[in-house]
Amino acid sequence: MAPHNDSSPAGNFTNGFNGMALQSSGLSNLTAEDLTAELGSSYDSSTLDAPVSHVKRPLVPGVYVPTMCFFDKETEDVDTVTIAHHAVRLARAGVTGLATQGSNGEAVHLTHTERQVVTATTRKALNEAGFSQMPIIVGCGAQSTREAVLLCRQAWQAGGDYALVLPPSYYAPLFAPSSQTILEFFNAVADASPIPIIIYNYPGAVNGMDMSSDVIVQLAQHPNIVGVKLTCGNTGKLNRVVAGTRKLSKEYDPKNPDFLVLAGSADFSIQALAAGGHGILAGLANIAPKACIKTIELWNQGKHTEAQEMQEVVSQGDWTAIQGGVIGVKAGLEEWAGYGGYCRSPLPRPTPEQSKNWKNGFKDLIMLEKSL
């Protein structure tokens with residue numbers, strides 16, 4: 001299993017998939033008029049004129065944040081100013097990396113062009129704020145192999161470094177037995193993607209499909225599949241994946257593992273670390289990045305009692321986030337950070353009572369965050 005420290009296209013990964021071709025810029029074939037028509041009159045196309053620079057940005061253990069996508073409260077146009085502000089706020093808090101187009105990023109509400117704009121805006125904001133080495137993971141899940149490959153290529157064109165890919169599920173009853181269809185899907189996407197793949201195991205988003213540790217370890221043998229996000233919450237599976245992929249490494253380095261295993265929720269951060277995991281990719285860090293970071297730091301420093309005490313606060317805050325979903329997380333940001341806004345329709349806007357309840361649900365976590 002090859003090290004994953006080079007996120008730029010190389011070798012077979014740039015070859016065509018059914019004739020699909022790479023371009024130097026994901027937005028280069030769109031005119032200013034095209035962008036304005038799709039993104040709204042408030043969009044300033046000049047913010048994305050600079051060419052994307054593809055450099056090595058290794059995946060290392062730590063806290064990764066699936067960022068929110070923000071919209072104008074009236075028009076629901078993509079709000080690139082707030083997207084940039086939020087990305088820099090998280091980077092300054094000390095997170096390890098960001099992920100765009102995840103579940104918290106409302107990827108299902110975005111067009112392909114909007115997805116590219118969000119990623120490109122995030123990359124540009126990080127670069128200008130002095131965080132040019134921070135990796136960006138981009139959600140690239142799709143129901144067909146062809147579209148997943150296209151999303152991976154567009155992610156690379158927009159400045160993404162890694163692709164987070166869900167398994168397809170719409171036609172799951174027709175899939176070949178023994179996970180053969182899933183294995184073929186991920187291998188085909190990894191063969192054609194210009195950026196390395198991170199497997200996204202999230203049964204709640206794919207009709208209950210829950211990839212086994214055996215399948216994940218088998219996929220980890222592909223040189224362009226370099227990690228997994230386990231939102232299933234199964235720490236036994238996490239431990240088996242860590243152990244299985246460690247055996248694939250010639251010289252395992254816990255500070256720079258060949259295959260990164262991340263918990264998909266902040267409420268089992270230290271549980272994942274105890275099982276050998278390398279960190280988290282968790283939506284709660286949008287609200288309390290420092291608390292998520294400190295919890296992991298305390299555990300890694302051997303201060304397990306302090307880490308457990310902090311985990312209790314983080315877990316309670318995460319329960320509020322889990323109950324409210326992306327609507328509740330945005331409401332929490334709005335109440336405690338002064339920005340956040342609303343989700344795109346058809347998701348409902350929170351009632352005043354819901355916003356109050358979510359604000360109170362995050363209170364202890366915010367107090368902890370402000371103390372750090």
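I took accessible areas from the Shrake-Rupley method with a 1.4 Å probe, and for residues only the protein chains shown count as cover. With that, I get an accessible surface of about 15,700 Å² for the chain, 49% of it belonging to carbon and sulfur atoms.

A note on the source: this is a predicted model, where local features need pLDDT of at least 70, side-chain atom pairs count only at pLDDT 80 or more, and totals for chains, interfaces and linings use all residues. Residues are numbered from 1 along each chain as its sequence is written, and side-chain values use heavy atoms, with hydrogens and water left out.

Next, the overall build. I find 12 helices and eight strands in the chain; helices (H or I, at least four residues) and strands (E, at least two) are DSSP runs, numbered from the N terminus. Of the 372 residues, 53% count as buried, where buried means under 20% relative accessible area, exposed over 50%, and partly exposed in between (1.4 Å probe, protein chains only).

Then I turned to helix 5. Its buried residues are I182, L183, F185, F186, V189, A190 and A192. Their cover includes helix 4 (145-157), strand 4, strand 5 (197-201), helix 6 (213-219) and strand 6 (225-230), with contact meaning heavy atoms within 4.5 Å.

I also checked Y170, in the loop between strand 4 (162-165) and helix 5 (180-192). Y170 counts as exposed because its relative accessibility is 60%.

Last, T245 in helix 7 (residues 235-248): at 3% relative accessible area, T245 is buried.
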